[in-house]
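Me: I have a model open and would like to go through the labels attached to it. Please give the value behind each one.

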Amino acid sequence: MKARSDYRILVVDDQKSMRGLATYFLKQIEFQDIDEAENAREALMKMQTKRYDLLLLDWNMDGMSGIDLLRAIRSVPELNQIKIIMATSERSVDKMDEATTNGADHYVVKPYELRDLEVRVKKVLQLSS
């Protein structure tokens with residue numbers, strides 16, 4: 001099993017404050033290799049040069065939405081190993097179903113707390129405490 005420091009994570013959110021908060025939370029739970037992207041285009045460029053284990057992906061972004069990026073990632077077999085947690089203020093069951101139907105591994109509702117994110121990341125990456 002990989003050490004937490006060996007996991008590569010990409011936080012994709014158009015709000016700088018949310019990217020910063022997510023990165024801070026991930027570092028608090030001992031992840032170190034964390035990159036940020038402010039939109040889907042930047043995320044796709046980063047994924048061409050680095051292999052990520054986990055994406056924390058905002059749903060509502062200008063340009064390509066997070067759900068569209070999720071669909072694009074899941075359509076490329078080489079990227080199917082990436083675990084994806086959708087992060088959004090959308091609280092409806094329909095949105096959660098849409099995310100999982102399109103290949104999201106989990107879903108977290110903003111604003112989230114450290115513990116909310118930690119539980120989902122551990123579950124998705126199958127980590128023990």
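**Labels and the values behind them**

Reply: N80 counts as partly exposed, at 40% relative accessibility. The model is a predicted one.

Me: Why is N80 called partly exposed?

Reply: Buried means under 20% relative accessible area and exposed means over 50%. N80 has 40%, so it counts as partly exposed. The residue is found in the loop between α3 (66-74) and β4. Not counting residues up to four places away in sequence, N80 touches I73 and R74.

Me: How far apart are the C-alpha atoms of N80 and L44?

Reply: The separation is 14 Å, for two residues 36 apart along the chain.

Me: What makes T23 buried?

Reply: The cut-off for buried is under 20% relative accessible area. T23 has 9%, so it is buried. T23 lies in helix α1 (residues 16-28). Leaving aside neighbours within four places in sequence, its contacts are V11, I34 and E36.

Me: Which elements does the protein have, and in what order do they run?

Reply: There are five helices and five strands. From the N terminus on, they run β-α-β-α-β-α-β-α-β-α.

Me: How do you know that the protein is as compact as a globular protein of that length?

Reply: The globule rule gives 14 Å for 129 residues, and the radius of gyration is 13 Å, close to that value, so the protein is as compact as a globular protein of that length. Along its principal axes the C-alpha trace spans about 35 × 30 × 25 Å. Buried residues make up 45% of the 129 residues. The accessible surface comes to about 6,900 Å², and 46% of it belongs to carbon and sulfur atoms.

Me: What share of the contacts between residues at least 6 apart in sequence joins residues at least 24 apart?

Reply: The share is 62%.

Me: What makes β3 and β4 a strand pair?

Reply: Two strands pair if DSSP finds at least two bridges between them. Five bridges join β3 (residues 54-58) to β4, and the two strands run parallel. Together with α3, the strands β3 and β4 make a right-handed β-α-β unit.

Me: How do you know that β4 also pairs with β5?

Reply: Four bridges join β4 (residues 83-88) to β5 (residues 106-109), and at least two are needed. The two strands run parallel. The chain crosses from β4 to β5 through helix α4 (residues 93-101), and this β-α-β crossover is right-handed.

Me: Why is β4 called mostly covered?

Reply: Five of its six residues are buried, and for each of those buried means under 20% relative accessible area.

Me: What makes the pair of Y7 and F31 edge-to-face?

Reply: A search of the whole structure finds four aromatic pairs, this one among them. Ring centres must lie within 6.5 Å to pair, and planes over 60 degrees apart count as edge-to-face. Y7 and F31 have their ring centres 6.1 Å apart and their planes at 75°, so the pair is edge-to-face.

Me: Why is this pair said to tie together parts that are 24 residues apart in sequence?

Reply: Y7 lies in the segment before β1 (8-12), whereas F31 is in the loop between α1 and β2 (33-37), so the pair ties together parts that are 24 residues apart in sequence. Y7 has 8% relative accessibility, so it counts as buried. F31 has 2%, so it counts as buried.

Me: Why is the pair of Y24 and F25 called tilted?

Reply: Planes under 30 degrees apart count as stacked, over 60 as edge-to-face, and the rest as tilted. The planes of Y24 and F25 are at 50°, with 6.1 Å centre to centre, and the pair is tilted. Ring pairs link Y24, F25 and Y112 into a cluster.

Me: Are Y24 and F25 buried or partly exposed?

Reply: Y24 has a relative accessible area of 47%, so it is partly exposed. F25 has 10%, so it is buried.

Terms used
Residues numbered from 1 in each chain as written. Predicted model: local features only at pLDDT ≥ 70, side-chain atom pairs only at ≥ 80, totals over all residues. Heavy atoms only, no water. Right-handed = clockwise from strand over helix to strand, strands pointing away. Buried < 20%, exposed > 50% of the residue type's maximum accessible area, 1.4 Å probe, protein only. Contact = heavy atoms within 4.5 Å. Rg over C-alpha atoms; globule rule 2.2 N^0.38 Å. Areas by Shrake-Rupley, 256 points an atom, 1.4 Å probe, with all protein chains shown as cover. Phe/Tyr/Trp six-rings, centres within 6.5 Å; stacked < 30°, edge-to-face > 60°.
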